[in-house]
Amino acid sequence: MLVRFQSHQVLGRLLQLSLAPVEITVNVEVDLLGESPKADVLLLRREGKEWNEAQRARLPDGVRDNAAGHVLLEFKYTESVNESALAQAVAYDYFYRQAQRLPEEHVLTVVLSARTPRKARLAEWRYEERQDGVYRSPLPLLRRIWLLVLNELPASPHNAFVKLFASRDQEREAASAALDAATATDSPPVQDYVMGLQRTLALKGEHSMTEIMTPEKIMEIGEEIRQRVLETATPEEKLAGLDPEERLAGLEPQERLAGLEPQERLEGLDPQERLAGLEPQERLEGLDPQERLAGLTDAERKLLFRLLREELGIPPGGEEDSDVGTA
């Protein structure tokens, strides 16, 4: 199957879902000249003076350590990098800086390549590998255009979201395994979108498919997968990874206590909470006489003694009265 993507939109939606929680804005349609038409390029923007640690944890190599606060991403998914793609990136870089009145150091322009360019072409453009999968050229017209080869980027958590689009199956599988569990599971939309994307790419070669995969369709596939997983999961699997408070959410008090031993039910409760809802007789069960009288004032003890004496038919006065104050 040839997977037909709205490539910029599909990658852009994943980046929006994963980067919005760390306050990075992702624009899918970028106005380069202050007027139509829009360019088919992604724009990442931050508000602060530098990427913070949370942001760097979700940005790929070549971007995460760059000082620029405006990042233009030109994504090549089905076609190899060629002169036209590089010339287009140069134009994006120039016109965006002119329209926004930004100095060069504030803008970083990157070509993301799902396929691995031939070494002869890289040599022709003088692109040299600065770190695994990250290339730069010293040529005047190309020096501002960084090249990220997704098949060669390390399978690190911060590279995983873009590396999911690598052309090689084993590289996509490595990216899936490297996904930061907390990042993916803390946001159900991210989890659904990643599952939908993985399923779509896994269909490659199975049958013919002419439908163009939009971000909305990929999200729909992911939601269906998650629903099927939940329907077949055991109770333990459904609760795995949830905090105690999340496990108890929506349960009635009796449901929360079901299956607990009496002592387990009382753990963590203060004395007033332990006695809440009990009848007087239930509160006294299991206590010895001294425990039952603990905390009573002399007046309360005298009253209790008088009531017991009347209950037992003991006449007023006598030796018993003299012992009340020391009972």
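Tyr135 stands opposite Leu147 in strand 8, and that pairing belongs to a sheet of seven strands we'll walk through below. This is a predicted model, where local features need pLDDT of at least 70 and side-chain atom pairs count only at pLDDT 80 or more, while totals for chains, interfaces and linings use all residues. Residues are numbered from 1 along each chain as its sequence is written, and side-chain values use heavy atoms, with hydrogens and water left out.

**The big picture**

- The protein's secondary structure comes to 18 helices and nine strands; helices (H or I, at least four residues) and strands (E, at least two) are DSSP runs, numbered from the N terminus.
- Of the 327 residues in the protein, 37% are buried; buried means under 20% relative accessible area, exposed means over 50%, and partly exposed is in between (1.4 Å probe, protein chains only).
- The protein exposes about 19600 Å², and carbon and sulfur atoms supply 50% of that; accessible areas come from the Shrake-Rupley method with a 1.4 Å probe, and for residues only the protein chains shown count as cover.
- Take the contacts between residues at least 6 apart in sequence: 60% of them join residues at least 24 apart. Contact here means heavy atoms within 4.5 Å.

**The sheet and its edges**

- The seven strands make an open sheet in the order 2-3-4-5-8-7-6, with mixed pairing; two strands pair if DSSP finds at least two bridges between them.
- Strand 2 (25–27) and strand 6 (128–131) are at the edges with a single partner strand each, so one side of each has no neighbour in the sheet.
- From one strand to the next, the twist averages 30°; axes are lines fitted to C-alpha atoms, for helices over the stretch in contact, and angles run from 0 to 180 degrees between N-to-C directions.
- Strand 2 runs antiparallel to strand 3 (residues 42–45), and three bridges join them. Across this pair, Thr25 sits opposite Arg45.

- Strand 4 is mostly covered, with seven of its seven residues buried.
- His70, Leu72, Glu74 and Lys76 point one way from strand 4, while Val71, Leu73 and Phe75 point the other way.
- On one side, strand 4 pairs with strand 3 in the antiparallel sense over four bridges, and Leu44 stands opposite Val71.
- Strand 4 also pairs with strand 5, in the parallel sense over seven bridges. Here Glu74 has Val111 as its bridge partner.
- Strand 5 runs parallel to strand 8, with five bridges joining them, and the bridge partner of Val111 in strand 8 is Leu147.
- Five of the five residues of strand 8 are buried, so the rest of the structure largely encloses this strand.
- Strand 8 also pairs with strand 7 (residues 134–136), in the antiparallel sense over two bridges.
- Helix 3 (residues 83–100) lies across strand 3, strand 4 (70–76), strand 5 (107–113) and strand 8 (145–149), at about 155° to strand 4.

**Charged pairs**

- Side chains of opposite charge can pair when their charged atoms come close.
- A salt bridge is a side-chain nitrogen of Lys or Arg within 4 Å of a carboxyl oxygen of Asp or Glu, and by this rule the count comes to 13.
- Arg56 makes a salt bridge with Glu53 (3.5 Å, N to O) and another with Asp65, where the closest N and O atoms are 2.4 Å apart.
- Arg56 counts as buried at 17% relative accessibility, whereas Glu53 is exposed at 59% and Asp65 is exposed at 56%.
- Because Arg56 and Glu53 are three residues apart in helix 2 (residues 53–56), about one helical turn separates them.
- Glu220 and Lys217 meet in a salt bridge too (3.9 Å, N to O), and both lie in helix 9, three residues apart.

- Arg226, in helix 9 (residues 215–232), is partly exposed with a relative accessible area of 30%.
- Not counting residues up to four places away in sequence, Arg226 touches Gln191, Asp192 and Met195.
- The C-alpha atoms of Arg226 and Asp192 are 6.9 Å apart, although the two residues are separated by 34 residues along the chain.
- Leu304, in helix 17 (residues 298–312), is partly exposed at 34% relative accessible area.
- Leu296, Leu304 and Leu308 make a nonpolar surface patch of about 220 Å². Patches are made of residues with over 30% relative accessible area and no salt bridge, with like charges joined within 9 Å and nonpolar side chains (Val, Leu, Ile, Met, Phe, Trp, Tyr) within 5 Å.
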